[in-house]
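Please keep the sequence and the structure in view while reading.

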Amino acid sequence: MITVNLRQAKQLLKKAISADIPVVLLGTPGIGKTSCPKQVAKEIGIGCRVEDGSSLDPVDARGCLVPDMNTHESFFTKPAIFPNKEDGEKGLLVIDEIGGCSQSTQKALQTILLER
């Protein structure tokens, strides 16, 4: 973990987005942790979707399990929180207030961070 100001955070976010690396911003309330990624997305011309973690359910983060009757296998649908055409398919996903999520939702979100 490193400590940076908002200008440095914006520079690091731009580099992380181009390298497809997830980022977690930590800090006290009101310092710009949500607005910073929104500004970066606007500057580089991609969409940005902000989701309130405390209102998420695990299925929102991992998708729905759907059986395939032909192959007798199952697969997960695209998670509801992922950017869509309105956000720009290559949009940025910001999960606000992860600490307010249930443990099962945090676990599902961890999968997104690890698998990008």
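The accessible surface of the protein chain comes to about 8,200 Å², and carbon and sulfur atoms make up 54% of that area; such areas come from the Shrake-Rupley method with a 1.4 Å probe, and for residues only the protein chains shown count as cover. The model is a predicted one, in which local features need pLDDT of at least 70 and side-chain atom pairs count only at pLDDT 80 or more, while totals for chains, interfaces and linings use all residues. Residues are numbered from 1 along each chain as its sequence is written, and side-chain values use heavy atoms, with hydrogens and water left out.

**Overall make-up**

- The protein chain has 4 helices and 4 strands, which follow one another from the N terminus as α-α-β-α-β-β-β-α; helices (H or I, at least four residues) and strands (E, at least two) are DSSP runs, numbered from the N terminus.
- Taken along the principal axes, the box filled by the C-alpha atoms of the protein chain is roughly 50 × 30 × 25 Å.
- Of the 116 residues, 26% count as buried, where buried means under 20% relative accessible area, exposed over 50%, and partly exposed in between (1.4 Å probe, protein chains only).
- Among contacts with a separation of 6 or more, 57% join residues 24 or more positions apart, a contact being heavy atoms within 4.5 Å.
- The mean positions of the 14 positive and 14 negative charges lie 10 Å apart; Lys and Arg count as positive and Asp and Glu as negative, without His and the chain ends, and each charge is placed at NZ of Lys, CZ of Arg, CG of Asp or CD of Glu.

**Helix α4**

- Helix α4 covers residues 103-115, and its end C-alpha atoms are 18 Å apart, which agrees with the 18 Å that its 13 residues should span at 1.5 Å a residue; the expected span is 1.5 Å times one less than the number of residues.
- The buried residues of α4 are Thr 105, Ala 108, Leu 109 and Ile 112.
- Seen down the axis of α4, these buried residues fall within an arc of 95°, so they line one face of the helix; the arc is that of the directions from the helix axis to the C-beta atoms.
- The cover over the buried residues of α4 includes α3 (58-62) and β4 (92-96), whereas the face turned away from the buried side carries the exposed residues Gln 103, Lys 107 and Leu 114.

- Glu 51 belongs to strand β1 (residues 48-52) and counts as buried because its relative accessibility is 16%.
- Neighbours within four places in sequence aside, Glu 51 is in contact with Leu 56, Ile 81, Leu 93, Val 94, Ile 95 and Asp 96.

**Loop residues**

- Asp 20, in the loop between α1 (6-19) and α2 (35-44), has a phi near 60°, a positive value in a residue other than glycine, and at 49% relative accessibility Asp 20 counts as partly exposed.
- Glu 97, in the loop between β4 and α4, likewise has a phi near 60°, positive in a residue other than glycine, and is exposed with a relative accessible area of 52%.
- Ala 80, in the loop between β3 (73-76) and β4, is exposed with a relative accessible area of 51%, and, its neighbours within four places in sequence left aside, Ala 80 is in contact with Arg 49 and Asp 60.
- Ala 80 and Gln 8 are 72 residues apart in sequence and, C-alpha to C-alpha, 31 Å apart in space.
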